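Please read each one with the structure open beside you.

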Amino acid sequence: MATAARLPLTPEEYLGTSYKPDCDFIDGQLQERNVGEGQHALFQMAVILWFGRYMEQWHLFPLPEMRIQVGPSRFRVADICVVQGTPPVGVLDQPPLIVIEILSPEDRVHRYKERVEDYRRMEISNIWVIDPITCDGFDCSTGNWNRTEVFRVNGTEIFMPVRELAIKRDVI
């Protein structure tokens, strides 16, 4: 039995459709994202709660699963993005202050390198990746994977200690 080839979508078709779970849109093609299980979801919750604690003080909003237009025909769905000022309505088309990705066991480095480069081309200054299994944090803002225990936004008081956010595995 032959399988039908997927025709390229337009950005308008992508934006007008809901996907469960949401997908990235890369140059006319849908790209599935690995959705987290246990530790991934708990780490995502911990990050949102961390920034939620400082929303008023730092004038920011942590937003889970936000569509970000990183190029004319490229949309990424970030695990969490953090914006300052007014939260966006619809798709985020301006660089957020921070993008945070939480690795899933199925994630591959080469796919994440492409993802990080999309964020860098959009001129997002703070690109953070967390491995929820090892509780390792990687600051990828320069394109390198620099291991860190505390993420910091240069020139501000904004920070996030990775290991403090770890939820004990015996909870799940």
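1. Asn126 has its place in strand S6, and in this predicted model its side chain reaches the backbone oxygen of Leu97 at a distance of 2.9 Å. Asn126 is buried, since its relative accessible area is 7%, and the cut-off for that word is under 20%. Leaving aside residues up to four places away in sequence, Asn126 touches Leu97, Ile98, Val99, Ser141, Arg152 and Val153.

2. The chain has 172 residues, of which 44% count as buried. Among the contacts with a separation of 6 or more, 54% are between residues 24 or more positions apart. The chain exposes about 9,600 Å², and carbon and sulfur atoms supply 53% of that area.

3. Which residues touch the most other members of the largest nonpolar core? This core holds 23 residues, and the ones in question are Val47, Phe51, Ile98, Ile100, Ile130 and Met160. Two or more residues of the core come from each of helix H2 (38-53), strand S4 (74-84), strand S5 (98-102) and strand S6 (126-131), and the largest share, five residues, comes from H2. As general background, nonpolar side chains tend to be buried together in soluble globular proteins.

4. Not counting residues up to four places away in sequence, Phe51 touches Trp58, Leu60, Pro62, Val82, Ile98, Ile100, Trp128, Ile158, Phe159 and Met160.

5. The aromatic rings can be treated together, and a search of the whole structure finds 12 aromatic pairs. Why is the pair of Tyr14 and Tyr19 called stacked? The ring centres of Tyr14 and Tyr19 are 5.9 Å apart and their planes lie at 20°, so the pair is stacked, the cut-off for that label being planes under 30 degrees apart. Both residues are buried, with a relative accessible area of 0% for Tyr14 and 18% for Tyr19.

6. The rings of Phe25 and Phe75 have their centres 6.0 Å apart, but here the planes are at 55°, so the pair is tilted. Phe25 lies in strand S1 (residues 24-26) and Phe75 in strand S4, so this pair ties together parts that are 50 residues apart in sequence. Phe25 is buried, with a relative accessible area of 0%, and Phe75 also counts as buried, at 1% relative accessibility.

7. From C-alpha to C-alpha, Ser104 and Gly38 are 9.8 Å apart in space, although 66 residues separate them in sequence.

8. The peptide bond from Lys20 to Pro21 is cis, with omega near -5°, and Pro21 lies in the loop between helix H1 (11-15) and S1. Asp27, in the loop between S1 and strand S2 (29-31), has a positive phi, near 50°. Glu123, in the loop between H4 and S6, likewise has a positive phi, near 70°. Is each of these two residues buried, partly exposed or exposed? Asp27 is partly exposed, with a relative accessible area of 46%, whereas Glu123 is exposed, with a relative accessible area of 64%.

How values were computed. Residues numbered from 1 in each chain as written. Predicted model: local features only at pLDDT ≥ 70, side-chain atom pairs only at ≥ 80, totals over all residues. Heavy atoms only, no water. Core = buried A, V, L, I, M, F, W, Y, C linked by side-chain atoms within 4.5 Å. Buried < 20%, exposed > 50% of the residue type's maximum accessible area, 1.4 Å probe, protein only. Helix = DSSP H or I, 4+ residues; strand = E, 2+ residues; numbered from the N terminus. Contact = heavy atoms within 4.5 Å. Phe/Tyr/Trp six-rings, centres within 6.5 Å; stacked < 30°, edge-to-face > 60°. Polar contact = N/O pair within 3.5 Å; in protein donor to acceptor, adjacent residues only side chain to side chain. Areas by Shrake-Rupley, 256 points an atom, 1.4 Å probe, with all protein chains shown as cover.
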